[in-house]
Every structure is written in structure tokens, then in C-alpha cells.
Amino acid sequence: MDKLYGLCHLFMTVFLHNFSIFSVHPAITDVTMAALCPGQDECSIAIYLTGFQQAMIGLGTLVMMPLLGNLSDKYGRKAILSIPMVLTIIPVAILAYSRTRKFFYAYYVFKTLISMICDGSVPCLALAYVADNIPEGGRGTAFGILSGIGSAAFVCGTLSARFLSPALTFQVSTIVAVIGAVYMQFFLQDSVIDDNHLYTPIISQGKPVTAKIDGKSKANIQLFKALRSLKDITSFLNSSLTITQAAIVAFFSNLADVGLHGSMTYFLKAQFHFDKNQFADLMVISGIAGTVSQLLIMPILAPILGEARLLSIGLFFHCVHMFLYSIAWSSLVPYAAAMFSILFVFSQPCIRSIVSKQVSPHEQGKAQGCISGICSAAHIVSPLVFSPLTALFLSEKAPFDFPGFSIMCIGFASMVAFAQSIMLRVVPPILS
């Protein structure tokens, strides 16, 4: 019963965090272009800045995700979860105060630096928390429900952005982020597998330990932590063929996701003059379809088909979704393409569940952190490849008339993930 209450509080924490994060997504493109290119529907500098930000975030999280996951195995999930829950309040609070060019640049800097530390860490640590409390046989369903909670928050946050002004959107996002951090501190119980694996708390309650550390020593410690994170990823990838294959699928799947996220809104704005409200409508359609799928369809299909087959189904329709976007001939096509999320949302929970079953209980944080680190590598590569391609084909200097060419190339990256998923061989899970 205590585990059930703990999961309920975790779901509420994830819901509040995702609501805050996703509620600003429909508005951020308009805010960015209003600050950088007022009155224009095509803005190369906005695309390049977004791509640079994604690459920097990926570089930071490549190191930080395995480190945070490993620390959560040692110090407890809740202690490490507090870091992103608190830090993510700062960027949205800046835009809640003002959205002029000066404040937008302040937001851009803080958003980049903070996301380099903790972007994606809340879902990563939440997955480890669920794995602590759910046996192997039920993890596919449980991960799907957790993902469904995130999708429900996505829908609610997007709906709020649809009917609120940009100023109110960022103010509501800030308030919900604060509520989420406070709720977690008061209600979420920590999840510990084995006291023998839990180290001394980060904030010691006993005698303080003092030590003199000069600047050079601190730099060496930070370098050691970064190298240790990369070593964790390498050793994790080499631990089994299943994990190696799952990591390849995760990399190319996220390569496509990040590319689509960075390109789609600018493509739709340039091609069909979409604004905040139309972006919100698209996201609501996609979010509702994904929520229904993860909360109702995935719990039925996962035990019948297994995570590996469900993963391939999700990635196949992910490819179809992107190819349909790339050849959109009418402003109605993106709305039809958004409905495919009812099928492609299976992929991420399935990857996480497959990996979770390949490691022992006290390594769940490390495993999820390493997979998040692999995904972060895709965050570095994707903007470097697809942002210039998107800017080129949306400009007047395009070598040929195909505005959606970059999105079609993103679809080919997703196709590589689909091909690898077909070859994925899942070995029996490690028993708790």
C-alpha cells in the first residue's frame, strides 16, 4: 500500500512538472520570433539559436544524465529529483515577468544552462522510481501509464496555453512549477531498494565534514565526474547485446524527435502561417491521442505483443507521421498527421522497459540515466544536422522547392530506428 501511495504522489509530481514545461511550448515560437524577428513568418536566426540551444543542452545532459541517475541509486530518488524540480522554475519565471528582447536573451541563457544540468532528468528519475516499486512483468504497463500521465499533463498544459495570453501562460507555468516542487517535498516518499546500496545523504544530518579543496582540486573532481559518466555509458552499452541494440534504437529515435521538435513549428509557420493557437490545437490532438493510447491501449497490448513488437509498431508509425508532415499540401494535413501519435507513443516506454529488465534492482537509476545520456547525444547531433537544413529549405536560397525536405530527412532517421528495432532480441530479464 505504501508503494501505491508513493507511485500516486510520483504521478502527481510528474503531472505538475510536465504541465509547467509543456504549457509554454505553443507560445515559445511566437515569443522567440517576436523578440528576434518581429512581424516576420520566417526567421533563420531563430532556427539557428534554437538548434544551438538544443546542441548545448544535449552536450550537458550527455554527461549529467548518467551522473544524476547514478547519484539517485546512492542518495535516493527524491533528493536528486529536487534539483530539476527547483531549477526549472527560473527560466519560465523570467518570461512570466517580461518577454522583451532583453528578457528573452536572459531566459535563453538561463534555459540553456539549467537544461544542460537537468533537462529530461525528471522523467528519467521517475522511471527509476517506478522500476523500484514494480516487478519486471508489470513494468511495460507501468512505464506506459507514467508516459500517459505525462501526455495528460501535455494536453492540459497545451489547452491552458490555447486560451491564455502569452503573459498569463508563463505566469501559470511558473506557479504550477512552484506547486510541483513544494508538493514533491511534502508528499513524495523516497524510494530505496536496499539500505546497503544507499550512501550517506547529500545533506548530512550529523556532524559536518569539513575539507579544504582548492580550485585545482575542484576542477579535477568535476573532470573525474564527467569522465566517470562517460565510462558508465560505455560499460553499460557493452554489458549486453540487447542493451546495445536498445541504445541504437533510442539514439536514432531521439535524433528524429529532436529534429522534428526543432523544425516543425518553424516549417508550419513559414508554410501555413500557423500561430500559437494553431500550434496548441495540434499539440492537443496529439496529446489526447497519446494519452488514450498509453493509459488504455498500451496496458492491453504490452502483455500480448511484448515490448519489442510494440516498439517496432510505434517506430513504424513514427516514420509515417514524419513523412506525412514533410509533404503536407494543406494546412489540414498536420492535423491528420497528429492523430498518428495514438500509435507512435509506444516507442519510448517500450525502450525504457526493455532496458529496465536487463539490470539489477539497485542499478535502475544508472540504467535510465545512461539511456538518457544516449538520447542526449542525439540532442547534440540533431540540431547540427537538421537546423541548417531547415533554415536553408525555408529560405529563398533553397536548392529546390521542397520546404519539408528537412522533415523527410528526419523521417529517414526514424526509419533507421525502426529497422534496428526489428532486429532487437530481448533476453530473459534479470530477476530481482
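Two exercises on a predicted model follow, each with a worked solution.

Residues are numbered from 1 along each chain as its sequence is written. Local features need pLDDT of at least 70, side-chain atom pairs count only at pLDDT 80 or more, and totals for chains, interfaces and linings use all residues.

**Exercise 1.** Describe how helix α5 packs against helix α9.

Solution.
- Locate the helices: α5 covers residues 89–97 and α9 covers residues 166–187 (helices are DSSP runs of H or I, at least four residues, numbered from the N terminus).
- Take the geometry: the angle is about 150° and the axes are 8 Å apart (axes are lines fitted to C-alpha atoms over the stretch in contact, and angles run from 0 to 180 degrees between N-to-C directions).
- Classify the angle: α5 is therefore roughly antiparallel to α9 (angles over 145 degrees count as such).
- List the contacts, meaning heavy atoms within 4.5 Å: Ile89, Val92, Ala93, Leu95 and Ala96 of α5 meet residues of α9, including Phe170, Ala177 and Ala181.
- Sort the residues of this contact: 9 are nonpolar, 3 polar and none charged (Ala, Val, Leu, Ile, Met, Phe, Trp, Tyr, Cys and Pro count as nonpolar, Asp, Glu, Lys and Arg as charged, the others as polar).

**Exercise 2.** Find where pLDDT, the predictor's confidence in each residue from 0 to 100, is below 50.

Solution.
- Begin with the whole protein: the average is 81, and 88% of the residues score at least 70.
- One stretch below 50 is residues 195–213, with 16 contacts beyond near neighbours in sequence.
- Residues 215–227 also stay under 50, and the model has 4 contacts for them beyond four places in sequence.

How values were computed: Heavy atoms only, no water. Helix = DSSP H or I, 4+ residues; strand = E, 2+ residues; numbered from the N terminus. Parallel < 35°, antiparallel > 145°, perpendicular 65-115°, else oblique.
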